[in-house]
Amino acid sequence: RLVWEKNLLLFAEVIQHLRKKYPQVKALVVGDGPAGPELKEKLPSAVYTGFLKGKELAKAYAGSDIFFFPSDTETFGNVTLEAMASGLPCVVADAVGSKSLVQHGKNGFLADVAHSDKFYDYIEKLIADKSLRQQMAAASLQAAKEYSWKNINGKLLSYYHEVLGLKKI
């Protein structure tokens, strides 16, 4: 969903700044929404796919090198988890939805939305260091595997057992 509350202005600012030093950087924007037309004016060189799902969405992630998502309004970063499952290092807002998924310095970087320069620095670090990008990509994929339904429901069940004072099955 392309809406301004997902910090699209910050996204555009960082991409514009990166392209000055790294003209080969190409933003891929997946989604649609009311902010789309104005974002296209701010980032005319980006590739805009519109809304994607299934295999087309998987292809978009698979064709990427870095996942950059500065939204600090997510309650659970589903798009971040999808990026991790696709083996992408993540540069995301240090906010509730993302920091439960991204371990700073391990599978990506967390940055305060008040400091666009931090997003720039972290993305630049990943652009410049292929080895780091690969290490973080592998760590993302491994971390995403922890979010299977079996693991999630198992944790929930263990919490219920703990609260009720029951022995684990």
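## The N-terminal segment

Asn-7 belongs to the segment that precedes helix 1. In this predicted model, the phi angle of Asn-7 is near 60°, a positive value in a residue other than glycine. Most residues other than glycine have a negative phi.

## Overall architecture

The protein chain contains eight helices and five strands. Read from the N terminus on, its elements follow the order α-β-α-β-α-β-α-β-α-β-α-α-α. Taken along the principal axes, the box filled by the C-alpha atoms is roughly 60 × 35 × 35 Å.

Of the 169 residues in the protein chain, 41% are buried. Among the contacts in the chain with a separation of 6 or more, 53% are accounted for by residues 24 or more positions apart.

In soluble globular proteins, nonpolar side chains tend to be buried together. In this chain the largest nonpolar core has 29 residues, and the most contacts inside it belong to Val-14, Phe-68, Val-91 and Phe-119. Two or more residues each are given to this core by helix 1 (8-21), strand 4 (90-93), strand 5 (108-111), helix 6 (116-128) and helix 7. Helix 1 provides the largest share of the core, seven residues.

Leaving aside its neighbours within four places in sequence, Phe-119 is in contact with Leu-10, Val-14, Phe-68, Pro-70, Val-91, Val-92, Ala-93, Ala-111, Asp-112 and Val-113. Another core lies apart from the largest one; this other core has 16 residues, among them Ala-60, Met-84, Leu-88 and Leu-101.

## Packing of helix 4 and helix 7

Two packed helices are described by the angle between their axes and the distance between the axes. For helix 4 (residues 78-85) and helix 7 (residues 130-144), the axes come within 7 Å and cross at roughly 115°. The crossing of these two helices is left-handed.

On the helix 4 side, the contact is made by Leu-81, Met-84 and Ala-85; on the helix 7 side, by Ser-140, Leu-141, Ala-143 and Ala-144. The residues of this contact divide into six nonpolar, one polar and no charged.

## Two buried serines

Ser-140 is a residue of helix 7. Because its relative accessible area is 0%, Ser-140 counts as buried. The side chain of Ser-140 reaches the backbone oxygen of Leu-88 at 2.8 Å. Not counting residues up to four places away in sequence, Ser-140 touches Met-84, Leu-88, Pro-89, Cys-90 and Asn-107.

Ser-98 is found in helix 5 (residues 96-99). With a relative accessible area of 1%, Ser-98 is therefore buried. Its contacts, not counting residues up to four places away in sequence, are with Ser-71, Thr-80, Val-92, Ala-93 and Leu-110.

Val-29 lies in strand 1. The relative accessible area of Val-29 is 6%, so this residue is buried. Leaving aside its neighbours within four places in sequence, Val-29 is in contact with Leu-2, Phe-11, Leu-39, Ala-46, Val-47, Tyr-48, Thr-49 and Gly-50. The C-alpha atoms of Val-29 and Phe-67, which are 38 residues apart along the chain, are separated by 11 Å.

Lys-26 occupies the loop between helix 1 and strand 1 (28-30). Its relative accessibility is 54%, so Lys-26 counts as exposed. Not counting residues up to four places away in sequence, Lys-26 touches Ser-45 and Val-47. A polar atom of the Lys-26 side chain lies 3.0 Å from the backbone oxygen of Ser-45. Between the C-alpha atoms of Lys-26 and Ser-64, 38 residues apart along the chain, the separation is 9.6 Å.

Lys-59 is located in helix 3 (residues 54-62). Lys-59 counts as exposed because its relative accessibility is 57%. The C-alpha atoms of Lys-59 and Tyr-122 are separated by 24 Å, and these two residues are 63 residues apart along the chain.

Methods: Residues numbered from 1 in each chain as written. Predicted model: local features only at pLDDT ≥ 70, side-chain atom pairs only at ≥ 80, totals over all residues. Heavy atoms only, no water. Axes fitted to C-alpha atoms, helices over the stretch in contact; angles between N-to-C directions. Helix = DSSP H or I, 4+ residues; strand = E, 2+ residues; numbered from the N terminus. Left-handed = near helix turned anticlockwise from the far one by under 90°. Contact = heavy atoms within 4.5 Å. Nonpolar A, V, L, I, M, F, W, Y, C, P; charged D, E, K, R; others polar. Core = buried A, V, L, I, M, F, W, Y, C linked by side-chain atoms within 4.5 Å. Buried < 20%, exposed > 50% of the residue type's maximum accessible area, 1.4 Å probe, protein only. Polar contact = N/O pair within 3.5 Å; in protein donor to acceptor, adjacent residues only side chain to side chain.
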